[in-house]
Amino acid sequence: MKINAVDRARVLAHALPNIQRYSNKTIVIKYGGNAMIDEDLKKNVINDVVLLNTIGIRVVLVHGGGPGIDAMLKKLNIQPKFVNGLRVTDEETMDVVQMVLSGQLNKSLVSMISQAGSTAVGVCGMDAHLIKAEKLDEEHGYVGKVIEINDKLITDLLDNGYIPVIASTGVDENNHAYNINADLAASAIATKLKAENLVLVSNIPGLLEDKNDEDSLLSEVTLSQIEDLKERGVIAGGMIPKIDCCKEAIENGVKQAVIIDGRVPHSLLIEMLTNEGIGTMIIGDK
């Protein structure tokens, strides 16, 4: 049955309290990984970003792009290497990371935002030393950890009505580029901006009590529950850094953080503008 005009109006009316809550507030959205592969879903995510911006929410979009990097490395006959889930980034690989993240993917997202009706500016962590970094360790090469966020460029863009689209690369004191995990970059940026919400858009439903059962989704996790969930193996593998990023953001002033499934059409709008929400929300202890 088609939604009639009254039903549409009712949906908008129910969204009003959340629109008012987030009006003129900053949210940081991390978008990357396999959630960026499907073009229709990507268009859904971008349209959601534009809608949130249009209703007065200050949106910062931080992105990674592992699959795109892997595809380019394959074209160049460069074998990717991972240690403990992190990409080993030598000089040659770092050139590819910059080319794909700061060039191809970044400008593609900016273009899609423009086509959807908003204005965006694409930057990377090297611009205005936005993401200052240092080497994580020798084993991973030019993989960096975030030392400092220079938020002036971001706030200047937001204050002038632009959506900052930030590629997750950083720079050290010697102006060398580093590959930065996009979750870590988004968490650090959200913390610096004292964002109302940090949203990690991924290709997973959220945190599952049983990784093989999507019906076991944990809709809410408090900070004090995290260590127990790790000990029980509920938080494991690639979920560990995601939860840790959310935890760090909450501990440092971000109001809430959530992991949502970018494969679900309009998951951003469901999370931001409805009371039901979607995915797993990380909150401070009550």
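In helix 2, the buried residues are Leu41, Lys42, Asn44, Val45, Ile46, Asp48, Val49, Val50, Leu52 and Asn53. Buried here means under 20% relative accessible area, with exposed over 50% and partly exposed in between, using a 1.4 Å probe and protein chains only. This is a predicted model, where local features need pLDDT of at least 70, side-chain atom pairs count only at pLDDT 80 or more, and totals for chains, interfaces and linings use all residues. Residues are numbered from 1 along each chain as its sequence is written, and side-chain values use heavy atoms, with hydrogens and water left out.

What covers those buried residues? The cover includes strand 1, strand 2, helix 4, strand 8 and helix 9 (267-273); contact means heavy atoms within 4.5 Å. Helices (H or I, at least four residues) and strands (E, at least two) are DSSP runs, numbered from the N terminus. Helix 2 has 16 residues, which at 1.5 Å a residue should span 22 Å, and its end C-alpha atoms are 22 Å apart, so the two agree. The expected span is 1.5 Å times one less than the number of residues. After helix 2 comes Gly56, with a positive phi near 100°.

Two strands pair if DSSP finds at least two bridges between them.

Strand 8 has five of its five residues buried, so it is largely enclosed by the rest of the structure. Ile163, Val165 and Ala167 lie on one side, Pro164 and Ile166 on the other. Strand 8 runs parallel to strand 2, joined by three bridges, and Val165 stands opposite Leu61. With strand 5 the pairing is also parallel, over five bridges; there, Ala167 is the bridge partner of Cys124.

Elsewhere, strand 13 (residues 256-261) and strand 14 (residues 280-283) are antiparallel over three bridges, and Val258 has Met281 as its bridge partner.

Last, helix 6 (residues 182-193) and helix 8 (residues 239-251). They pack at about 10°, axes 9 Å apart. Axes are lines fitted to C-alpha atoms, for helices over the stretch in contact, and angles run from 0 to 180 degrees between N-to-C directions. The two helices are therefore roughly parallel, the word used for angles under 35 degrees. Asp183, Leu184, Ser187 and Thr191 in helix 6 meet Lys242, Cys245, Glu248 and Ala249 in helix 8.

Definitions and conventions. Angles under 35 degrees count as roughly parallel, over 145 as roughly antiparallel, 65 to 115 as roughly perpendicular and the rest as oblique.
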